[in-house]
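Welcome! Let's walk through this protein together, one question at a time.

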Amino acid sequence: MEKRDCSDVDYLVQRKVLDELRLDEVAQKGTWSTTPSTGERVKESLRCSVSRLKHTVLSWVPVLGWLPHYSLRENAIGDLISGCSVGIMHLPQGMAYALLASLRPVFGLYTSLYPVLVYFIFGTSRHISIGTFAVISIMIGSVTERMAPDSNFIVNGTNGTDIDARDAFRVQIACSLTVLAGIFQMLLGVVRFGFVVTYLSEPLVRGYTTGSACHVCVSQLKYLFGVNPARFSGPLSLIYTLVDLCRLLPETKVPELVVSLVALSVLIVVKEINDCYRQRLPLPIPIELIVVIAATIITHFCGLTSKYSIDVVGEIPSGLKAPRAPDASLFSDVIGDAFAVAIVGYAINISLGKTFALKHGYKVDSNQELVALGLSNTVGGFFQCYSVTSSLSRSLVQESTGGKTQVAGVISSVIVLITILKIGALFEDLPKAVLSTIVFVNLKGMFKQFMDVPMLWKTNKVDLLVWLVTFISTILLNLDLGLAVSIGFSMLTVIFRTQLPHYSILGRVPGTDLYLDTDTYKEAKEIPGIKIFRSSTTIYYTNAEMYLEALQEKSGIEIGKLLTAKKKEDAKLKRQQEKEKKKAKKEAKKEKKAVSHMSNGTFSLKESEVTEGKASGRLKGQSQGNGVALILTETSTKGQVNWAYQHDPTMSDSDSDTGCNTYDSITHISHHGDDEETGQACRSGTHSIILDISTTSFVDTVTVKTLKNIFRDFGEIDLNIYLAGCQACVVEQLETAGFFSASIPKSRLFVTVHDAVLHILHRLKQRDFILDVSCTTQM
């Protein structure tokens, strides 16, 4: 079978020119509505049946849909291996990230247990690992430190701090914030508001997480150097903390610094080995757990705590604590932070979930993910957990080690549960510096996001600006204000891009029905007498005024000056007519006087004839002068005759386009010295303007009013306006808004720009040009 390149294929289309009315007939536009009415939707939602009940239950509790069909042969081994691997990662990361939240390490273990079990029941992603995460932990920590600073718990008579009371209050704050964030997430999920995360663009999320990583890094420096800087909150707190850390560097505890550097070196080397040989290793080396165990053993048996005063984790209570209701009185103080945590946590969760779903070919329900994450946080808050989301590092391990379902999450929870019940107390001598190095190493992926800057510089500078503004605002204004500023700036970029679209005049590519930007394509030539104007975005209230200004600028027709000139000319003509009437009355009076003087009748009659002869000669001279002006105007258009606008003397008034009257009126105006600008605008020879609105997806009242004004104002100077490429939904909106009328019929609306051009040329009887616009187009 012979193969041919599609560029050599010709196609021939022969059809009639289609305006909107003709299109409705040809395509048989339906008048029915496929959308059910509000009453029908309410009835459908209240209707109950076994199948509907089953569908509702399975949609709200997804585990009931997939767990009965779980295949042990296909999934069990992979889930077991990945669950063990993720569980081993949960232990050090849970304890380390708890320090970021300014809580004791055991609460990080609780957070790695309960929410994972809840997500197993209600989640829809098969590969993400729910639990502690650095960004969310630092957001929680900023709130707990702000509301429960050390200065509020100084023991009377001493300079010490009541650590137990402080930590207990911080747990209450974290739990209250977590429950409130979970409630926000559940409410948003129930009202199907999962699309809210679409307002957090990828550059925004990546810039925010990079800025958050800097906050995490700075917060852990005190453990590496063994110093105690002052706690700061609010804008510029990161800068103040860095300055204070630099001031305290001479007080660095050398033993803790040595422990940090050794642990950091081992972690970096082994993690690089894991990355390089991940295809050959059956399982990644659990270096974090190995370092935690080794550091605990060395510290305990070498007596590093007593000899060098190394700061350790301290008491880790064994067993689980009974659930406790959060302190609702704190809700009003943390409501803003809770909403920020809810949105950021969901954004990270759904972005990871959709990434893995796309890779493995299944669907993640964004609204159900909101509900699942909200339930995980709400239930976890009652069990003294803080807010959770998915972790990129653990999720990658869960997926790469063969995890197929959320059963892997349950297995990881079992490992965490065993640790809490039996072996948690063995980690009491673990140095906090080692946990901080684990945090540092796990920030590698976030710091790699700095490579977005050169990439965005080459691809999209607006996205780069969003990334930089988000990063800088997060660094300088802290996490809560930084998120608000970045979202606001991201919205402004969208508004500005729709407010400042690209406007263009289109020209036809010879031998085709393609109409392209004349500034971009050399072969695109304007059709004489016709201006085709297009905006690159939807026309609505923020850019409607600029649309009209751009239309005048691109077409070279300043409608305001033309209308003013026309009004002046109308007034001048009116005064001239009144003057002629007065002269006629005077002549009539003279005739009456001549009749009354019969004796001098012959003389009076001759005098009257002479007067009339002078008047008719004066009018004839004016008419000839105007005719000369018309000829000069037609031949002085930049040295070329505008043949598209030559008046056909054989054409009847009914067939001629109304634009043909433009020369009669406006060139008459240009004969006078006061209206040179009007003459210049008219010398362009434009008689028709086509507005290509194919990019418009909706219209508002301002758009409708603007289009009506364009039709009215340009019509007053005898310029015909046509619309082309209007989508069906926009046509319905225009009909609803009462746009179409006797002055703006639907016959002014065409399917394509080419249809509108052929219609205009047909009305002007330009047969030669119509034949040149062939329907045979080479692709």
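Q: In which helix does Tyr240 lie?
A: This is a predicted model, where local features need pLDDT of at least 70, side-chain atom pairs count only at pLDDT 80 or more, and totals for chains, interfaces and linings use all residues. Residues are numbered from 1 along each chain as its sequence is written, and side-chain values use heavy atoms, with hydrogens and water left out. Helices (H or I, at least four residues) and strands (E, at least two) are DSSP runs, numbered from the N terminus. On that numbering, Tyr240 lies in helix 11.

Q: Is Tyr240 buried, partly exposed or exposed?
A: Buried means under 20% relative accessible area, exposed over 50%, and partly exposed in between (1.4 Å probe, protein chains only). Tyr240 has a relative accessible area of 42%, so this residue is partly exposed.

Q: What is the area of the nonpolar surface patch that includes Tyr240?
A: Such a patch joins nonpolar side chains (Val, Leu, Ile, Met, Phe, Trp, Tyr) within 5 Å, taken from residues with over 30% relative accessible area and no salt bridge, while like charges are joined within 9 Å. Helix 11 (237-248) and helix 22 each supply at least two residues of the nonpolar patch. Areas come from the Shrake-Rupley method with a 1.4 Å probe, and for residues only the protein chains shown count as cover. The patch, with Phe232 and Leu476 among its members, covers about 640 Å².

Q: Which residues does Ser490 contact, leaving aside its neighbours within four places in sequence?
A: Ser490 sits in helix 22 (residues 461-499), and its relative accessibility is 6%, so Ser490 counts as buried. Pro203 is 287 residues away from Ser490 in sequence, yet their C-alpha atoms are 9.5 Å apart. With contact meaning heavy atoms within 4.5 Å, the partners of Ser490 are Tyr199, Ser201, Leu204 and Val466.

Q: How far apart are the closest N and O atoms in the salt bridge of Asp150 and Arg166?
A: A salt bridge is a side-chain nitrogen of Lys or Arg within 4 Å of a carboxyl oxygen of Asp or Glu. Asp150 is partly exposed because its relative accessibility is 24%, while Arg166 counts as buried because its value is 13%. Both residues also belong to a network of salt bridges that includes Arg104 and Arg170. For Asp150 and Arg166, the closest N and O atoms are 2.9 Å apart.

Q: How many residues separate Lys432 and Asp311?
A: Their side chains meet in a salt bridge, at 3.8 Å from N to O. This pair links distant parts of the chain, with Lys432 in helix 19 (residues 432-442) and Asp311 in the loop between helix 14 (304-308) and helix 15 (331-360), a separation of 121 residues.

Q: What kind of charge gathers in the surface patch that includes Lys579?
A: Lys579 lies in helix 24 (residues 559-596), and its relative accessibility is 53%, so Lys579 counts as exposed. Lys and Arg count as positive and Asp and Glu as negative, with His and the chain ends not counted. The place of a charge is taken as NZ of Lys, CZ of Arg, CG of Asp or CD of Glu. Together with residues including Lys581 and Lys593, Lys579 forms a patch whose charge is positive.

Q: What share of the protein's residues is buried?
A: The protein has 31 helices and 10 strands. Of its 779 residues, the buried share is 45%.
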